[in-house]
Amino acid sequence: MDIEHVRSRFIKHFDGTTGAVYASPGRINLIGEHTDYNGGFVFPGAIDKGMIAEIKPNGTKTVKAYSIDLKDYVEFGLNEEDAPRASWARYIFGVCREMIKRGVDVQGFNTAFAGDVPLGAGMSSSAALESTYAYALNDLFGDNKIDKFELAKVGQATEHNYCGVNCGIMDQFASVFGKKGKLIRLDCRSLEYQYYPFEPVGYRLVLVDSVVKHELASSAYNKRRQSCEAVVAAIQARHPHVEFLRDCTMEMLQEVKAEVSEEDYKRAEYVIEEIQRVLDVCDALEKGDYETVGQKMYETHHGMSKLYEVSCEELDFLNDIAFDCGVTGSRVMGGGFGGCTINLVKDELYSTFIETAKEEFKKKFGRSPKIYDVVISDGARRLE
Ligand code: GLA
């Protein structure tokens with residue numbers, strides 16, 4: 001992330017003065033996918049890639065926003081009816097609106113921003129953008145009175161209310177709460193969390209990006225969530241205390257097998273298993289048992305591919321290559337429908353794996369995947 005780059009564009013694009021600079025990261029997730037909106041556990045960490053924004057109040061009621069990467073400029077007002085058309089600007093607009101709803105007196109500002117989280121790669125570039133502005137507006141207009149959890153919820157509500165994605169809290173939580181060298185286990189029902197030092201001596205985490213982006217990812221995502229809710233409703237009729245799939249056992253799911261669609265059944269089966277896998281991985285990590293961590297990652301991939309059906313040919317292919325190379329753990333990361341696999345690789349296997357993945361992927365799909373080494377870093381902050 002390059003602060004000088006953002007600053008020079010801010011100066012050039014606006015009136016030559018400077019503002020305050022804020023940054024927020026994207027995230028990885030070791031395990032616990034599609035569990036957040038089911039009240040389950042997730043295990044993310046912030047990364048060294050994210051968004052940087054320079055912001056300066058401009059004494060008007062208008063936001064003047066410049067996307068450095070897209071070379072696109074948009075102006076919008078701060079009332080509900082002022083929503084801009086450009087999808088990137090809707091994130092900033094949504095954050096402004098959600099902060100206003102929480103009592104922050106957001107005023108007009110000039111802003112320019114840029115990022116190095118690859119878009120659509122499952123590393124939460126949108127959460128990075130939301131957290132950057134939520135953190136900044138709280139600092140500039142809110143006397144920092146909104147707490148960190150609420151800042152994460154501002155980002156999530158932006159997705160729900162202005163971007164059409166009914167996401168859970170994981171991405172925004174990781175982007176705000178991230179800490180260098182630490183993964184975070186979050187209980188998405190109670191919102192209790194715990195930092196876990198992640199220093200897998202002898203192993204590395206690496207992302208292999210299929211560079212596939214699916215157009216319908218957000219509607220398919222929302223559909224998965226509806227399936228989970230349908231199963232919860234059926235189980236609730238027999239077990240009124242059940243609020244989320246988190247509260248359900250496989251036995252409860254069995255009881256309603258005839259009442260829910262085959263598809264919804266598979267979705268719920270995956271989620272119930274996945275919530276348990278996060279706990280198993282935490283135990284294994286405490287013992288330094290990376291073989292078990294890796295095995296659980298493969299199980300997750302299998303579930304995401306065959307039961308939750310959010311993988312794709314390219315990601316399944318990358319997962320197979322990892323397995324054939326003897327990689328300890330590998331799975332599709334994030335919402336799915338394209339993006340990356342996350343791989344836990346022994347140091348001595350790293351180069352062979354990366355070379356083989358690149359070569360074989362190119363042979364089959366005619367282009368190279370992108371490789372990102374994972375560096376676990378800090379969350380949302382003011383840079384100067
Ligand atoms: C997306 C969502 C998250 C989470 C993941 C899947 O990244 O934004 O809330 O549901 O997918 O684990």
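Let's start where helices H3 and H4 touch: Ser126, Ala127, Glu130, Ala134, Tyr135 and Asn138 on the H3 side meet Leu151, Val154, Gly155, Thr158 and Glu159 on the H4 side. Sorted by class, this contact holds 5 nonpolar, 4 polar and 2 charged residues. Keep in mind that you're looking at a predicted model.

**How H3 and H4 cross**

- H4 covers residues 148–163, and its axis comes within 9 Å of the axis of H3, with a crossing angle of roughly 130°.
- As for handedness, H3 and H4 cross in a right-handed way.

**H3's other contact: helix H2**

- Helix H2 (residues 87–101) and helix H3 (residues 125–141) also have axes that come within 9 Å, and here the crossing is at roughly 40°.
- So H2 is oblique to H3.
- The crossing of H2 past H3 is right-handed.
- On H2, the residues making the contact are Trp88, Tyr91, Ile92, Val95, Cys96 and Met99.
- On H3, they are Ser126, Leu129, Glu130, Tyr133, Ala134, Leu137 and Asn138.

**Aromatic pairs**

- The model has 24 aromatic pairs.
- One of them is tryptophan 88 with phenylalanine 113: their ring centres are 5.6 Å apart and their planes sit at 50°, so this pair counts as tilted.
- Which parts of the chain does this pair tie together? Tryptophan 88 is in helix H2 and phenylalanine 113 is in strand E6 (residues 109–115), so the pair links parts that are 25 residues apart in sequence.

**A three-stranded sheet**

- Quick reminder: strands in a sheet pair through backbone hydrogen bonds, in either a parallel or an antiparallel way.
- Here, 3 strands make an open sheet, in the order E2-E7-E8, with antiparallel pairing.
- Which strands are at the edges? They are E2 (41–42) and E8 (193–197), each of which pairs on one side only.
- Strand E7 (residues 182–187) pairs with E2 over 2 bridges, in the antiparallel sense.

Key: Residues are numbered from 1 along each chain as its sequence is written. This is a predicted model: local features need pLDDT of at least 70, side-chain atom pairs count only at pLDDT 80 or more; totals for chains, interfaces and linings use all residues. Side-chain values use heavy atoms; hydrogens and water are left out. Axes are lines fitted to C-alpha atoms, for helices over the stretch in contact, and angles run from 0 to 180 degrees between N-to-C directions. Helices (H or I, at least four residues) and strands (E, at least two) are DSSP runs, numbered from the N terminus. Angles under 35 degrees count as roughly parallel, over 145 as roughly antiparallel, 65 to 115 as roughly perpendicular and the rest as oblique. A crossing is left-handed if the near helix is turned anticlockwise from the far one by less than a right angle, and right-handed if clockwise. Contact means heavy atoms within 4.5 Å. Two strands pair if DSSP finds at least two bridges between them. Rings of Phe, Tyr and Trp (its six-membered ring) pair if their centres lie within 6.5 Å; planes under 30 degrees apart count as stacked, over 60 as edge-to-face and the rest as tilted. Ala, Val, Leu, Ile, Met, Phe, Trp, Tyr, Cys and Pro count as nonpolar, Asp, Glu, Lys and Arg as charged, and the others, Gly among them, as polar.
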